[in-house]
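Please open the model in your viewer and keep the selection tool at hand.

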Amino acid sequence: MRLASAANEAYTASLAVSELLGCKQCGGGRGQDEELGIRIPRPLGHGPSRFIPEKEILQVGREDAQMHALFADSFAALGRLDNITLVMVFHPQYLESFLKTQHYLLQMDGPLPLHYRHYIGIMAAARHQCSYLVNLHVNDFLHVGGDPKWLNGLENAPQKLQNLGELNKVLAHRPWLITKEHIEVCSNVSDSFFEVEALMEKMKQLQECRDEEEASQEEMASRFEIEKRESMFVFSSDDEEVTPARDVSRHFEDTSYGYKDFSRHGMHVPTFRVQDYCWEDHGYSLVNRLYPDVGQLIDEKFHIAYNLTYNTMAMHKDVDTSMLRRAIWNYIHCMFGIRYDDYDYGEINQLLDRSFKVYIKTVVCTPEKVTKRMYDSFWRQFKHSEKVHVNLLLIEARMQAELLYALRAITRYMT
C-alpha cells in the first residue's frame, strides 16, 4: 500500500485517536490492518457536514476495497481523514483525482517551500472565512516548520506573501479585474418529486428544440448578455449570519473587500470570449510550462468533475445529465463574464430555478454565507451525493474561471 510507512508514523503521532478500523477487504480485524501497514483512525465529532446528516454519509469502517484504499492514501498523505474527504467520497473517482492534485501541490517538490504553500492556503481560506480549512492549514504550516509569528497577522509574514494579498483578494471576489499589473507586482517578489419531473421535462423539450432548430450567433450573444445582467440580480439572503469559529481576519488585509458584480453602475467589463483564450488551448499549456505536470493534474480534475455522472436524477435512472451539468458550469462562467459562442444561454433559465441560482451564486461568490436553509431549498428530492456533485462542479468551474483570468494576465505580462 502506498506511503504505508508515512501512515504509520502519522498514526503514532496521533495521540487523540486510538480506535482503529477493520479492513473489510481482508475480512476485518485489527491484525490484518497491521499486516497491510495501514491504520486509519475513526473521525471524531458529529459528522463531516453541517448540511448532510451523519447517518447518510459513508461510515468509516463500512467502505469497500476502493474506498478503503482512498481512505488509506488520504490518511497516509495527510495523517488524518478530513471532513472534505469524507464528503467527497460520494464520488470516489473525483476524490482520487482531488487527493492526487492536493498531494502534488502541497507536498511534492516544487518552487515554493512547504510552509509557504500552507500559508497561502491559510490566506485563501481566510478570504472566505472558512475556519475549518484555515485550521487545517495552520496545523500543517506549523508541522512543516512554519514560524508561529506569521499566524499573528499577514503583516508578520514575509513581504513576498504580503504582496500576494491583493492578488488573493481580487481572485477570490472579482477575478475579471485581474490585470498584468497584478502579476507584475507578484513577480517583483517571486520568480516564479415535482421539481425533478419538471426539470426532466424541460431537459427533454430543450433537446427537442436543439434537434429542430439552432439559434443564430447574434441571438445566442443576446441571450448571454441577458443572462449576465440577470445574474447580477440574484442575491442571497442575509437573515442568517454565519460566525466563524476562529478569527481569521488577521490572515488577510482589507476586510471590507468582497464580491461585487462585474458590471454595474454604468461600468462595462469586456466579455471574456473562450474562443479567444480557453483552458484547453492556452491555459493548460501555460500552467504546465510554469509548473510541470500540474496542468495535467488540474485538467484531469476539471474533466472528472464536469463529466462525472451515474446517469441518475433523484429517483430516476438512465438519465443523460450532460445538459444540466453544462448549464451549471456555463452559468458560473457567465457570472464571471465568460462566454461560450456555441452555447445557448436561454437554456440556463429553463434548467436552473431561482433558489438554485441563489445557492450557486452564494457558494461561488461568498461561500462563507452559505446556510443549511439554502442547501435544503434547492433540488429537494435529490440525494445528498448529487448535491455534493453540484458543489464539485461549482468549485471547479469557479477555479477554471479564476485561472482563465489570471493566466491571460500572465500571458500578457510575458509578452
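A nonpolar core is a set of buried Ala, Val, Leu, Ile, Met, Phe, Trp, Tyr and Cys residues joined through side-chain atoms within 4.5 Å; buried means under 20% relative accessible area and exposed over 50%, with a 1.4 Å probe and protein chains only. The model is predicted: local features need pLDDT of at least 70, side-chain atom pairs count only at pLDDT 80 or more, and totals for chains, interfaces and linings use all residues. Residues are numbered from 1 along each chain as its sequence is written, and side-chain values use heavy atoms, leaving out hydrogens and water.

Select Ile328 and Ile360 to begin. These residues have the most contacts inside the largest nonpolar core, which has 95 residues. Helix H19 gives the most to this core, with 14 residues; helices (H or I, at least four residues) are DSSP runs numbered from the N terminus. Domain 1 (54-190 + 246-252) and domain 2 (272-414), with bounds from an automatic or database domain assignment, both give residues to this core, so it lies between them.

Next, select residues 279-290, helix H13. Here Trp279, Gly283, Leu286 and Val287 are buried. Down the axis of H13, the buried residues fall within an arc of 105° (taken from the directions from the helix axis to the C-beta atoms), so they line one face of the helix. On the other side of H13, Asp281 and Arg289 are exposed.

Finally, select helix H6, residues 114-127. Of its 14 residues, 10 are buried, so H6 is largely enclosed by the rest of the structure. Among them are Tyr116, Arg117 and His118.

Definitions and conventions:
Helix = DSSP H or I, 4+ residues; strand = E, 2+ residues; numbered from the N terminus. Expected span 1.5 Å × (residues − 1).
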